[in-house]
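Please open the model in your viewer and keep a selection tool at hand.

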Amino acid sequence: MSDEKRHEAKTDSDWLANIYDMLAEDDTLSLDDVKESIREEGDDPDALIARGMEFIEQQRQLATQRMLEEARENKKAALQNVREIPRHNLSFDQLREKVKLAWSSLSEAPGGTLQAAYRNLENLTEQDLHSLLKDLELVSELNREEKEKETSQGMVYVDRGAGARRARSIIHEYRIRTPKEIDVEGIAGLKNVCVREDILEGCEGRLVRKGNCGIITVNTNTREVGKKRFTIGHELGHFELHGKKTSSFICSKKDVQLLGFFNVSPETEANEFAAELLMPEDMFKPQCAQTAPSLNHIQSLADDFQTTLTATALRYIQYCPYRCAIVVSKDNKIKWAKESEDFGYRLESGQKLDPDSWATDFFNGANLSREMQTVLARSWLQYGRVNSTACLSEQSWGFPNYGEVLTLLFIDDSFDE
């Protein structure tokens, strides 16, 4: 190495630049030659390389963060720059007809393809109609500079697993590697979709699309950050998977939840997309096996991925290497349940809680312990042959604001002995 290259370098970044120059000037140099030059300068080559890799990763994270932030802010600015949309002074019937007219103008496809989009229109309140009309007019304005390159065609077709595959491709495309980098509004912005909030009385979220532009509207009254993020992810799933075939989606609270794994529908696909986008399998699955099952661990995962406790619990059941089930109870009955593949027992919706379960104490006015506790297995496993003395682990957390209990059931290895 020449005296000039031999180093004025004081920082790791200088070293990396000089190493690059060395290799560019002499392509016969080996890694050992480079390491020897570093040793001559009194530095540890392995430590320098490790610091260099750390520096590169930090730069990648910053670049990803800047890209997502810029996309999110650009879309916010785009909405602000659109002309002010006045609130129309129309009768209820006139307002609904105006919405239908504006809605039908979004699609270039022949008649019949908007049936799915109209499914909730007749039930919308006046506030929802005003809000929807604003979205329709906003997206038409935004679309003036963005012309659809493909002609819309046909009805919505679904493909099991397509939602998760599309979300994984986006995570890979934008080089997202940590939960903190999952800026769902930024990702939407990169896909030419604006996100805004409005008062929605009949739905959790809404997607309106024209051409390659989209507007996602989230209910202002939704307080949980995780729930808003999942709603945005769900509507973005419609945009990515179904947007060119249906111009609009209005999604109820029931639509925007991770249930119905075995039902193939556009809503299921959108939920799978949202789950994979917000809790990518490659990031989420390894953390499921780090400790014994508990709601505390699930809560920690929810905090890391900025998702709701319920959505995180369902994702946990999907990937945990243990025999577990998640149960939500209301009015002293099972509202719904989801079991891991190897749980071995079925928990029926509508099943009344057994008096021996810990969860039932909530509905009797008692304060629930937040710790994992032992309970007779027969108090939960009523469908199947269970030894009368067999026990399993139950952890139940009560949520007075919702009048519900979230329960994690865990069967350990000694259960079948």
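Buried here means under 20% relative accessible area, exposed means over 50%, and partly exposed lies in between, with a 1.4 Å probe and protein chains only. This is a predicted model, in which local features need pLDDT of at least 70 and side-chain atom pairs count only at pLDDT 80 or more, while totals for chains, interfaces and linings use all residues. Residues are numbered from 1 along each chain as its sequence is written, and side-chain values use heavy atoms, with hydrogens and water left out.

Select Phe-362 and Phe-363, an edge-to-face aromatic pair at 5.1 Å centre to centre and 90° between the planes; rings of Phe, Tyr and Trp (its six-membered ring) pair if their centres lie within 6.5 Å, and planes under 30 degrees apart count as stacked, over 60 as edge-to-face and the rest as tilted. Phe-362 counts as buried because its relative accessibility is 18%, whereas Phe-363, at 24%, is partly exposed.

Next, select Leu-277, which touches Ala-167, Ile-170, Ile-171, Ile-182, Val-184, Ile-187 and Leu-236, leaving aside residues up to four places away in sequence; contact means heavy atoms within 4.5 Å.

Finally, which ring lies under Arg-370? Arg-370 is placed over the face of Trp-397, 3.7 Å from the ring centre, where a charge sits over a ring if NZ of Lys or CZ of Arg is within 6 Å of the ring centre and within 35 degrees of the ring normal. Select Arg-209 as well, whose charged end sits over the ring of Phe-239 at 4.2 Å from its centre.
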